[in-house]
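Subject: Structure for you to look at

Hello,

Here is the structure I said I would pass on. Please open it first, then read the notes below beside it.

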Amino acid sequence: MSDIWRLIRLTAPRKGWMLAGLGLATLTLLANFGLLALSGWFLAATAAAGLAGYAAQNAFNFFTPSAMVRFFATLRVGSRYAERLVTHEATFRLLADLRVWFYTRLEPLAPAALQGQRSADLLGRIVSDIDTLNLFYLRVFVPVLTALAAALLMASFFAFFSVPAALALILGLGLNGALAPVLTARLGAGPGAAITRLNSGLRAEYVEALQGMGELLVSGAAPAMQARAAALNEELAAAQARLGGVAALGASLSGLAANATLLAVLVFGARRFEAGGLGAAQVPMLLLGAMAAFEATAPLPGALNYLGQIKTAARRIFALADQMPPISPPATAAPALQRYDLELAGVDLAYDGGRKVLDGFSLSLPQGRHVGIVGVSGSGKSTLINLLLRFHEYQAGTARLGGVDLRAFSSAQMARHATIISQRSHLFHTSIRDNLLLANGAADEAALWHALEVAQLADFVRGLAQGLDHLVGEGGASLSGGQARRIALARAVLKPAPLLILDEPTEGLDVETERAFLADLAPLLAGRSVLYITHRPAGLALMDEVYELRDGKAVRQR
Amino acid sequence: MDPRLMREGKRARGALYGSIGLGLLSAWVVIGQSVLLAKLVTAISFLHQPLSRLETPLLLLALLFGLRALLTYGAERLASRACLTIKTGLRAALLERLFARGPAEGAASAEHATVLLDGVEALEPYFARYLPQMYLCVAVPLAILAFVFSLDWISGLVLLVAGPLIPLFMVFVGYRAEAINQRQWLKLLALGTHFLDVLQGLTTLKLFGRARDEIAIIARISDDYRRTTMDGLRIAFLTSAVLEFFASLAIALVAVLFGARLIHGHFDFYPAFLVLLLAPEYFVPLRGLSVHYHARMSAIAAARQIFSLLDAPVPARGSAALAPAEEYEMACEKLSFAYDGRIVLQDITARFPAGSTTVIVGASGAGKTTLSRLLLGFLTPSAGRILVNGQDLAEIDPESWWRALAWVPQSPRLFKGSVEDNLALGLPARDFAGLRNAAARAHAYNFIQSLPGQFGAAIDEGGANISGGETQRLALARAYARQAKLLILDEATASLDAGTEAAILDSMEQGAGVTAIIIAHRLTLAERADQILVLQEGRLVQAGTHASLAAIPGPYRDMLRTREAAYV
């Protein structure tokens, strides 16, 4: 339940919208109750007056009740429309809040906390879990509280005429709206959780099958993969069938409870009438009122079903959001730097208590110096970058930038001092322009073209029908591997920073382009501190010193 | 779109009709119980009969209530079973179709996954709620209307006027709402891919110090989504307002009209009260229709996506089996390929002799990868043909073709599972010694042994826990494990350091009788090849051995020179 409380607390800033929706929903229910109960009374009262003769007909106030009947009908229309608009508006506002909240929580955790997570799982978590969480207001909060408020008000009205009938109504509403749904929810909790889990598993399976289709086809594993997806889908269908069965049971039990209440209200009303405590017109009034009352509890079985799914989604979302950030944020504001000399001495870095990837690593990179680091794959080159960019905390040794301890910087503050051309630069599914502006939002057209020139991509972009507005596709799918890399290079040109980290920058480029690029890169290096991490010999000639990363240490090569 | 969806509904016709039939029966039970209730109230309030004399109708009423509960249960179960049959069938058909189309260039796989999962799921309300309600909302009101007319023609007239106006208004406002809904579904898709994109690129965003800016973008996109969706809903909700308007006003009118006649003694209480009991029931199916109407609209929007995938053309497949052979020779004859009107490859004629190693070199964008995709049979040539041991590739069943070859793409993909699962991908039988041998040849053995669990080590989705170089070695091992006589490598050693690459090349020469076609970015590979093909802007400009091509002026020698310059 604490997850649900936390969810409610998260939605607190929208309480104005939320309460307005709640009030309108209650009003809609009461209007219908009033309309039917009054109509029942009105029919019987006029019939009784009609039978009682001329004097009674003339004494009967026809106008007020008939005007009230029309009033209730009109009120119902207006409040229904307003209720729909307000509750949905609230829902969408909450959705935006939730997404932003989750992203804000996730951002400091990346990339450390996300390594090892299935990316399709993450998509499942954010899009579908947050959508599920978002159903809480519309499908649980509003129906439950509205039913509670309306049930109490309607039963109080009944109590004026017959206390047993009022008790029967409360009991019936309770059976119909609370007991049957709780029973349903109990039975539905298992399948509900299974559906959420299977849905996200199936999504990951589909993404994997579709992205790896070529290899699956050639290796003949496609039928097996399809069969695996089909089996998972069967499992999902079985869970959905179980949930469907539980829902059907709940619906028929709820219906039975409502009808039993009608019977009870009729019997209690008749008894009271026989005892002289009720007028003839009040028996049909109570009966029709009771019929209308069950509109209040109709959405409750659905509400509790949703609750099961929402709890599972909430648990997963909160678990992901509550992970500890890999580095503790610095206590003070970012120190201003005069110089950018980088000094690493005896640094150890291990992930989650595993083996030390950096083990007594020492390196000195005075401002403006160019240092190359070579190493075979797996020697810890990426870890060195994780260290410098403050993605992971180091356990021992000292690391200083411009004389200031690296621990005084957050990763965002470090990002201001360093530009990186990474072998894993991500291309966003948007235009070339937006992918470039990412590096420097203030860059003008000329700056963008200059960056493309440096990256040897200008001719290609000029040849595109949409030019800079060409969409790069999912993960840069409409570009060749080399072109995608060169966009990343152009980004680095757009972001001047005193420290330039080149992380396998020419990886995947053919020799000719590599040479041309390195030649163009040379003037850009001037005046910047450069750390060139690579396993390829090309370009090392541009460096002042070269080290090999071996056994977690830097070993001087030249 | 509805007829097409109905055709899909045929998969589960029995259950669907069963559900509708039970719904109709349930409507008759409602009329029966209203009659009993009206009779009881009249007997109590106006005939002053004591409860003790009314036991029989009370018992009968209880029985009808029980029957109604059973009917409700049955109808719900049948509808849910029908939906599951339809969804399962559609998902299998969609996946089948996507695989039949083959790996598409620049395909948005996340979008396709969204259609497969959420798109198909969005059809559920259509079949479970909307479709049965369509039948019920015609049959049930008609039955009640006929019954009401038999009691009082004035009330009958009120209901007759109010009823049909509801669907009419819904059609009137529904069409505009549908158009808006279409846009909303597209936004939903974009939102799904946008989020995946943002998460995948979160590290890059942080590197540029832009991760925090994305918060505002997510807020803006969510806000856009709210605005367009609310535009649609403002209209869609009019349908429920219209329904309330007619339903509530009709009940009010029936009550007031009866009151006026009852007070003058012109009418009896029993039929009047019975009509009042039935009037809300008259609107119940229409009310259901309104609630599920926008379920229909989002189902239709989803259905468009589903059917556009299902109806997309599938490339023609050959049907002949590849004649089994000890060795394979391949050849291209005047092979051309154009995409979107742009010529990517033109007039390539080349031979890949059995047992030989061919290295294809050229600048990025020269068409090397396209050539490999043509050879693999993923793309169909625009002109010319590809021969395998003299057989036209276009006539060969792709599955029998793929069985003969092994392929390592530019960025190979590892699948969630163990290292062993990945190496044995698609192999009919698991031969551990063979896998170990293949791993050793690809220089993956030592690093596999260093993993926790060795060959049983878990690989995350997309090989997220394995580095680029390791992934390539595993992919090579996977290719070796197939012991195919044809090997196509597309820059398969790009992420490896020169030492590892050379060692792997040594091991490749152990596979005698293998026809290898290697797309290379580094010329070290070319020096060892039996044949080098040089591609330039989609044309084959040079062919020969390293020695012959290095000796004459031309693109190959230029490449050699620039390489030397790069390694100073």
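In helix α9 of chain A, the buried residues are A:Q282, A:V283, A:P284, A:M285, A:L286, A:L287, A:L288, A:G289, A:A290, A:M291, A:A292 and A:A293. A residue is called buried if 20 or more other C-beta atoms lie within 10 Å of its own, exposed if 12 or fewer, and partly exposed in between, with C-beta atoms placed from the backbone. That makes α9(A) mostly covered, with 12 of its 12 residues buried. Its length also agrees with expectation, because 12 residues at 1.5 Å a residue should span 16 Å and the end C-alpha atoms are 16 Å apart. The expected span is 1.5 Å times one less than the number of residues. Helices (H or I, at least four residues) and strands (E, at least two) are DSSP runs, numbered from the N terminus.

Before the rest, some background. This is a predicted model, in which local features need pLDDT of at least 70 and side-chain atom pairs count only at pLDDT 80 or more, while totals for chains, interfaces and linings use all residues. Residues are numbered from 1 along each chain as its sequence is written, and chains are lettered from A and ligands numbered from 1 in the order in which they are written.

Confidence

The predictor gives the complex an ipTM of 0.78 and a pTM of 0.68. The mean pLDDT (the predictor's confidence in each residue, from 0 to 100) is 81 for chain B, where 87% of residues reach 70 or more. Where pLDDT is low, the predicted coordinates should not be read in detail.

The two chains

Chain A has 17 helices and 10 strands, and 55% of its 558 residues are buried. Chain B has 19 helices and 12 strands, and 50% of its 568 residues are buried. Two residues are in contact if their C-beta atoms, placed from the backbone, lie within 7 Å. Of the contacts with a separation of 6 or more, residues 24 or more positions apart account for 82% in chain A and 78% in chain B.

How many residues does each chain bring to the contact between them? Chain A brings 135 and chain B brings 129. On the side of chain B that touches chain A, helix α8 (residues 213-263) gives the most, with 26 residues. That side of chain B divides into 70 nonpolar, 34 polar and 25 charged residues. Here Ala, Val, Leu, Ile, Met, Phe, Trp, Tyr, Cys and Pro count as nonpolar, Asp, Glu, Lys and Arg as charged, and the others, Gly among them, as polar.

Strands

Two strands pair if DSSP finds at least two bridges between them. Chain A has an open sheet of four strands in the order β2-β1-β4-β5, with antiparallel pairing. Its edge strands, β2 (356-365) and β5 (404-405), each pair on one side only. Strand β1 (residues 342-350) of chain A joins β2(A) over six antiparallel bridges, and A:L349 stands opposite A:L358 there.

In chain B, strand β1 (residues 330-339) pairs with β2 (residues 342-352) in the antiparallel sense over seven bridges; B:C332 has B:A350 as its bridge partner. These two strands form a hairpin with two residues between them, and B:D340 in the turn has a positive phi of about 55°.

Single places to check

Helix α5 (residues 124-151) of chain B has 28 residues and reaches 40 Å from its first C-alpha to its last, close to the 40 Å expected. A kink of about 30° lies at B:Y130, shortly before the proline B:P132. The bend at a residue is the angle between axes fitted to the seven residues ending there and the seven starting there.

B:T369 lies in helix α10 (residues 368-376) of chain B. Why is B:T369 counted as buried? Because it has 20 C-beta neighbours inside 10 Å. Not counting residues up to four places away in sequence, B:T369 touches B:Q410, B:D490 and B:I519. B:I519 is 150 residues away along the chain, yet the two C-alpha atoms are separated by 7.6 Å.

Most residues other than glycine have a negative phi. A:D551, in the loop between β9 (545-550) and β10 (553-556) of chain A, has a positive phi near 50°. With 12 C-beta neighbours inside 10 Å, A:D551 counts as exposed.

Regards
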